[in-house]
Amino acid sequence: MNILVVQNYPGSPPGQLGDSMLARGATLHEVHPLAGEKLPAGHDPFDGALILGGAQSAADDAGNPYYAELLPLLRGFHEAGKPLLGICLGSQLMARVFGKRVHRHSHVEFGFHPLSLTEAGRADPLFAGLPATPHLMEFHEDTFELPDEAVLLMTGEGCRNQAYRVGESAYAFQCHIEVTRDILDRWAVEPASLAANGGADPVQRLQREMEAHLEASLGFADTVAVRWLELAARVRQRDGLRKSA
């Protein structure tokens, strides 16, 4: 599988999702548009796209002029039936692709939070057999309106829209399922983490929460990555059969 990885921010790499995809033989084609790297002109070379998080706002077109190219690129993936996987900022950008608004949330969510799979989430092939109430990492101050055609898959008390699917292959997570210990160690010492944690020590908080929840989070991400790649493989096989018919 050839997967386009849009790394929207230097401190938000593919993490466990990337590790799991690489371990299953995928090739990851990373692009860093905030650093000036050019987005691909189209989806043809790729079997799917992973859109990662970032500190910037998904609503800030002026500060992120590459959005003008990214949003139609993602729309092209979806219209071709190629899987999308959005994480945090990526989930918000996907909401915009499907015509919805991104806006400031009532508060900053930070740390591992208990979330709940919806009935549709428990039945979704990407989530089948996963814990119904996982503790997953949050680090965001914005949220989004759920696309009209979306199926809500996971919710949280502090922020309702935590995961959704549009069609058969576009998945989005507000939470950070990709985190690893290295990523969280770096996030804990960023100024934004201190502000998000109400002035308390985010290093101590994340150390406690990692001990309690990180192993399960890594397993959750690995399962999602493997099943998403399997979905991309089925789409690739289907398209190959259509071309040969």
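Start by selecting helix H3 (89-97), strand S5 (102-117), strand S6 (135-144) and helix H6 (191-196): each supplies at least two residues to the lining of the largest pocket. Keep in mind as you look that this is a predicted model. Now highlight S6, which gives the largest share of that lining, 4 residues. To find the middle of the pocket, pick Gly-54, Ala-55, Gln-56, Phe-139 and His-140, the ones nearest its centre among 21 lining residues. The space in there comes to about 420 Å³. Colour the lining by class and you'll get 9 nonpolar, 8 polar and 4 charged residues.

Next stop: strand S3 (residues 48-51). Which way do its residues point? Gly-48 and Leu-50 go one way, Ala-49 and Ile-51 the other, and all are buried.

Keep Ala-49 selected and look to either partner strand. Strand S1 (residues 2-6) runs parallel to S3, joined by 4 bridges, and Leu-4 has Ala-49 as its bridge partner. Strand S4 (residues 84-87) also pairs with S3 in the parallel sense, over 3 bridges; there, Ala-49 is partnered with Leu-84. Trace the chain from S3 through helix H2 (residues 67-79) to S4 and you've followed a right-handed β-α-β crossover.

Last, go to the second largest pocket, with about 210 Å³ of space. Select its lining, including His-43, Asp-44, Lys-82, Arg-236, Asp-239 and Lys-243. By class, this lining splits into 4 nonpolar, 2 polar and 6 charged residues.

Note on methods. Residues numbered from 1 in each chain as written. Predicted model: local features only at pLDDT ≥ 70, side-chain atom pairs only at ≥ 80, totals over all residues. Heavy atoms only, no water. Buried < 20%, exposed > 50% of the residue type's maximum accessible area, 1.4 Å probe, protein only. Pairing = 2+ DSSP bridges. Right-handed = clockwise from strand over helix to strand, strands pointing away. 1 Å grid on protein atoms, 1.4 Å probe; cavity = no way out; pocket = protein on both sides within 12 Å on 5 of 7 lines; lining within 4 Å. Points joined across faces, edges and corners; volume = space filled by probe spheres on them. Nonpolar A, V, L, I, M, F, W, Y, C, P; charged D, E, K, R; others polar.
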